[in-house]
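Visitor: I am new here. Could you walk me through this one, a question at a time?

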Amino acid sequence: MIELPWSDTEFAAVAGVVAERTGLVFPHARRTAVERGVREAMARSATVDLRAYGALLARDSALLDDLVTELTIGETYFFREPKHFAFVRESLLPDVVQRRGAGHAVRAWSAGCSTGEEAYSLAILLDEAHLPERPYVLATDLSRKSLQTARSASYRVWSLRGVPATTIARYFRHEPGADGSRNSGRYDLDARFRNRVTFEYLNFALDSYPALDTGTWGMDLIFCRNVLIYLDRRTTAYVAERLRRCLATDGWIVTASSDPMLSEFTDLEPTRTDWGVFYRRTKRTSLAPAMNRESATVPVVLRPAIAERASPLAVAAESEEHAITSDCLVLTRAEAAMAAGAYRQAAEGLRDLLADASASALHVRALANVEVAEAERACTAALGRHPLSVEHHYLRAVLLVALVRFDEAIRVARRIVYLDGNSAIGYFILGGLLRRTDDLAGARRAYRNAHDLLLAQPADALVPLSDGERAGRLAELASIELEMLSDTPIRMPQ
Ligand SMILES: C[S@@+](CC[C@H](N)C(=O)[O-])C[C@H]1O[C@@H](n2cnc3c(N)ncnc32)[C@H](O)[C@@H]1O
């Protein structure tokens, strides 16, 4: 059957939903390719009517994900634009180390990472810099399919175009294809780099950044290259302001030469070069007009509480040496299963140990990665056995947020700070929830409490329940939250 091209109105119906939900716009030159992509996504969803499909897209995020993967341009490769990496190596890193001291763990974010080449290039660069503290590298994208590829860290030679052979030999293992040539087969990145990058879903058009739970705060460096060029102007303005607030003071944003000027939308100090514009958030930065969008829910990934527990490997080694108890071995096995991503197996393994508060909390964390509602039910049951466990209340609050049950989450967060008046994380959760429910005065009080509690501790003290964060860092995040609350909320311009 010959398919007729869509009318402008028909096309606009679908493109409008995509723009509303993601900020993505499509130039006329891409119209045929975009139509083809929409038709393919429609066929997968067994929808034939374009208007019905547009309506479905507006309420079904899985369908939107599928379409977005079809329509986004994920073009990327390792060390794309080498001058950007030279700038990071030669100017930015020495500046960060000098300003923040050797004990500072550098925070870098590949925002719009596509299939991961940019993020892994940053991780390699940071490794070669031999920084005293292990850096944190976050990588986010709108396309879940690209994120899946990124996590596998296995590439074709095309992703390595322009990369010196010595770098390839040092960091990749080549699995040749049928013809045995260097151009065929896969290049697998050295396993140690896979765990150095945290890949997460993040849609720039939503309000999930800056935030503690998405790791998007206190960034020394944000690479946001070749992404904003695909977004409409109002989303670009929204993203520019939010990215600025994700930066640490004196942190940098690197964009590509074809990207729009961010300093047109927010107060960042630009440095123009022939190969792109670098922006710096300086102390002088005044607060730009702000924007807000409906709350987005963030997927929960609850890892074992590393602040309080030794790593699975360390525990395993110890167990061999000292023949520790079988309960401890069950815990160790569960942690190892979690580290390997076998969350259901980890949860099953812990079922006989639920009378123990630590094992029970780990059980909830494992389930949270399988099914949030099930984890919340298990956590509620666990609170019957461990009513005074701050960790269980904390887990329940996080799960209720993920389930968009904000009123209950607020009650639980209040319970955390009632049980432990020194729980900075409790005040953080409470602050975030009160902000979401528009109790801005309450949110300010909660963040102020978190801030003061954190400042009273040594900057490098580990903060309980924080997934290994240090007091100094979190105090910085509390300041950012307070700064945002002292401002008008960030709204998507109309
Ligand atoms: C061309 S790639 C850029 C990859 C890499 N930054 C580089 O420069 O090599 C653009 C990426 O932006 C992502 N993207 C587009 N719109 C987005 C949005 N609203 N939120 C998050 N990511 C988005 C796409 O999924 C795509 O992976």
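Visitor: Happy to start with a pair of helices. How are α16 and α17 oriented to each other?
Guide: Keep in mind that this is a predicted model. The axes of α16 (residues 390-402) and α17 (residues 406-419) come within 9 Å and cross at roughly 160°. Angles over 145 degrees count as roughly antiparallel. The two helices, α16 and α17, are therefore roughly antiparallel.

Visitor: Which residues of α17 make the contact with α16?
Guide: From α16 come Val390, His393, Tyr394, Arg396, Ala397, Leu400 and Val401. On the α17 side, the contact is made by Glu408, Ala409, Val412, Ala413, Arg415, Ile416 and Leu419.

Visitor: And by class, how many residues of that contact between α16 and α17 are nonpolar?
Guide: The contact of α16 with α17 includes 1 polar and 3 charged residues. The nonpolar residues in this contact number 10.

Visitor: Now for another partner of α16. How is α14 oriented to α16?
Guide: Helix α14 (residues 357-368) packs with α16 at an angle of about 15°, and their axes are 10 Å apart. Angles under 35 degrees count as roughly parallel. So α14 is, relative to α16, roughly parallel.

Visitor: Is the crossing of α14 and α16 left-handed or right-handed?
Guide: Ala361, Val364, Arg365 and Ala368 in α14 meet Glu391, His392, Leu395 and Leu399 in α16. The crossing of these helices, α14 and α16, is left-handed.

Visitor: Which residues touch the most other members of the largest nonpolar core?
Guide: That core has 137 residues. One of those that touch the most other members is Ala397, which also takes part in the contact of α16 with α17.

Visitor: His130 is another loop residue; is it buried or exposed?
Guide: His130 sits in the loop between α6 (117-128) and β2 (136-141), and its phi is near 50°, a positive value in a residue other than glycine. It has 6 other C-beta atoms within 10 Å, and 12 or fewer counts as exposed. So His130 is exposed.

Visitor: What is the phi of Asp438?
Guide: Asp438 lies in the loop between α18 (424-436) and α19 (440-455). Asp438 is exposed, with 10 other C-beta atoms within 10 Å. Although Asp438 is not a glycine, its phi is positive, at about 70°.

Note on methods:
Residues numbered from 1 in each chain as written. Predicted model: local features only at pLDDT ≥ 70, side-chain atom pairs only at ≥ 80, totals over all residues. Axes fitted to C-alpha atoms, helices over the stretch in contact; angles between N-to-C directions. Helix = DSSP H or I, 4+ residues; strand = E, 2+ residues; numbered from the N terminus. Parallel < 35°, antiparallel > 145°, perpendicular 65-115°, else oblique. Contact = placed C-beta atoms within 7 Å. Nonpolar A, V, L, I, M, F, W, Y, C, P; charged D, E, K, R; others polar. Core = buried A, V, L, I, M, F, W, Y, C linked by C-beta atoms within 7 Å. Buried ≥ 20, exposed ≤ 12 C-beta atoms within 10 Å, placed from the backbone. Left-handed = near helix turned anticlockwise from the far one by under 90°.
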